[in-house]
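Colleague: I am new to this structure. Please walk me through how to read it.

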Amino acid sequence: MKIHIDRSICTGHALCAAKAPAVYRLDEEGFCCSDGQSVPPALHEQARLGARHCPEAAIFLEEEDSKQA
Ligand code: SF4
């Protein structure tokens with residue numbers, strides 16, 4: 001799984017990192033900076049949880065056909 005963040009609509013609510021701190025990282029201004037980051041299978045559920053809680057729907061999760069389970 002890969003994280004895509006639309007930085008043009010991310011407004012720095014930080015809810016992604018609050019819900020899934022093991023997955024989402026914030027920059028010094030509170031904006032998510034996990035764009036392009038890969039997520040290991042053990043953290044997929046957390047990644048989805050964080051994405052669901054983004055008020056701006058700025059997080060897109062690219063589900064790869066997992067050969068890495
Ligand atoms: S919750 Fe959404 S808007 Fe807030 S920092 Fe994370 S990606 Fe950006």
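Colleague: Is Ala57 buried or exposed?

Modeller: Start with the rule. A residue is buried if 20 or more other C-beta atoms lie within 10 Å of its own, exposed if 12 or fewer, and partly exposed in between, with C-beta atoms placed from the backbone. Ala57 has 11 C-beta neighbours inside 10 Å, so Ala57 counts as exposed. Two notes on the source. This is a predicted model: local features need pLDDT of at least 70, side-chain atom pairs count only at pLDDT 80 or more, and totals for chains, interfaces and linings use all residues. Residues are numbered from 1 along each chain as its sequence is written.

Colleague: Which elements does the protein have, and in what order do they run?

Modeller: Helices (H or I, at least four residues) and strands (E, at least two) are DSSP runs, numbered from the N terminus. The protein has two helices and two strands. From the N terminus on, the order is β-α-α-β.

Colleague: What is the phi of Ala57?

Modeller: First the general idea. Most residues other than glycine have a negative phi. Ala57 has a positive one, near 50°. Ala57 lies in the loop between helix 2 (44–52) and strand 2 (59–62). Ala14 also has a positive phi, about 70°, and is not a glycine. Its place is the loop between strand 1 (2–5) and helix 1 (15–19). Ala14 counts as partly exposed because it has 15 C-beta neighbours inside 10 Å.

Colleague: Which residues of strand 1 are on the covered face, and which on the uncovered one?

Modeller: In a regular strand the side chains alternate between the two faces of the sheet. In strand 1, Ile3 and Ile5 form the covered face. Lys2 and His4 form the uncovered one.

Colleague: How many bridges join strand 1 to strand 2?

Modeller: Strands pair if DSSP finds at least two bridges between them. Here four bridges join strand 1 to strand 2, and the two run antiparallel. Ile5 has Ile59 of strand 2 as its bridge partner.

Colleague: Which residues is Ile59 in contact with?

Modeller: Two residues are in contact if their C-beta atoms, placed from the backbone, lie within 7 Å. Leave aside neighbours within four places in sequence. Ile59 then contacts Ile3, Ile5, Cys16, Gly50, Ala51 and Cys54. Across the protein, residues 24 or more positions apart account for 65% of the contacts with a separation of 6 or more.

Colleague: Which members of the largest nonpolar core touch the most other members?

Modeller: A nonpolar core is a set of buried Ala, Val, Leu, Ile, Met, Phe, Trp, Tyr and Cys residues joined through C-beta atoms within 7 Å. The largest one has 14 residues, and Ile5, Cys16, Ala47 and Ile59 touch the most other members. Strand 1 and helix 2 each supply at least two residues of this core. Buried residues make up 23% of the 69 residues in the protein.

Colleague: Which residues are closest to the ligand?

Modeller: A residue is near a molecule if its C-beta atom, placed from the backbone, lies within 6 Å of it. There are 14 residues around the ligand, with Cys10, His13, Cys16, Cys32 and Cys54 the closest.

Colleague: What does the C-alpha trace of the protein span?

Modeller: Along its principal axes, about 35 × 20 × 20 Å.
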